[in-house]
Amino acid sequence: DNYVESMAKSAIERNPNLKMEDARRAYEPNAETMVKWYYLTKRIAEVEGIEVSDEEAKEFIEKQVEDENLRKQMLENQASLNRIKDDLFYDKLIKFLEENNEIKENEIELD
């Protein structure tokens with residue numbers, strides 16, 4: 001419920017015309033899966049030592065952000081650094097999973 005509430009509030013901040021019950025209804029079906037995914041990824045990262053430092057995030061910003069003013073703002077803003085760290089973390093996690101698991105593709109016929 002806390003996850004759904006948080007996501008609904010975030011959606012309303014982005015779209016003030018959205019009603020709370022509509023936002024909650026939109027996020028409820030996937031909430032359990034998302035919470036499980038969150039804890040699973042954190043556990044895999046803990047066991048496998050997957051992490052992203054502030055320095056890695058800063059290096060990424062230095063290399064990828066061409067606009068000097070934007071780069072400076074991002075480097076000074078902890079929320080921006082945290083978003084970059086999250087993105088880099090999931091990149092590392094997905095790479096680890098791809099390299100250490102057999103991926104099977106299935107064809108699904110839609111009627």
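**View 1. Helix 3 against helix 4.** The axes of helix 3 (residues 54–64) and helix 4 (residues 68–76) come within 10 Å and cross at roughly 170°. Axes are lines fitted to C-alpha atoms, for helices over the stretch in contact, with angles from 0 to 180 degrees between N-to-C directions. Helix 3 and helix 4 are therefore roughly antiparallel (angles over 145 degrees; under 35 is roughly parallel, 65 to 115 roughly perpendicular, the rest oblique). K58, I61 and E62 of helix 3 meet R71, M74 and L75 of helix 4; contact means heavy atoms within 4.5 Å. Three of these residues are nonpolar, none polar and three charged. Nonpolar covers Ala, Val, Leu, Ile, Met, Phe, Trp, Tyr, Cys and Pro; charged covers Asp, Glu, Lys and Arg; the others, Gly among them, are polar.

The model is predicted: local features need pLDDT of at least 70 and side-chain atom pairs pLDDT 80 or more, while totals for chains, interfaces and linings use all residues. Residues are numbered from 1 along each chain as its sequence is written, and side-chain values use heavy atoms, leaving out hydrogens and water.

**View 2. Helix 3 against helix 5.** Helix 3 and helix 5 pack at about 95°, with their axes 9 Å apart. The two helices are therefore roughly perpendicular to each other. From helix 3 come D54, E56, A57, K58, F60 and I61; from helix 5 come Q78, L81, I84, K85, L88 and K92. This contact has six nonpolar, one polar and five charged residues.

**View 3. Helix 2 against helix 5.** The axes of helix 2 and helix 5 (residues 78–99) come within 11 Å and cross at roughly 75°. That makes helix 2 roughly perpendicular to helix 5. Helix 2 contributes W37, T41, K42, I44, A45 and E48, and helix 5 contributes F89, Y90, L93, F96 and L97. By class, eight residues are nonpolar, one is polar and two are charged.

**View 4. T41 in helix 2.** T41 sits in helix 2 (residues 20–48). Its relative accessible area is 0%, so T41 is buried (under 20%; exposed is over 50%, partly exposed in between, with a 1.4 Å probe and protein chains only). Leaving aside neighbours within four places in sequence, T41 is in contact with F89, Y90 and L93.

**View 5. M7 in helix 1.** M7 lies in helix 1 (residues 2–14). M7 counts as partly exposed, because its relative accessibility is 25%.

**View 6. The whole chain, for orientation.** Helices (H or I, at least four residues) and strands (E, at least two) are DSSP runs numbered from the N terminus. The C-alpha trace spans about 45 × 45 × 30 Å along its principal axes. The radius of gyration is 18 Å, whereas a compact globule of 111 residues would have one near 13 Å; the radius is taken over C-alpha atoms, and the globule rule is 2.2 Å times the number of residues to the power 0.38. Of the 111 residues, 20% count as buried. Among contacts with a separation of 6 or more, 52% join residues 24 or more positions apart.
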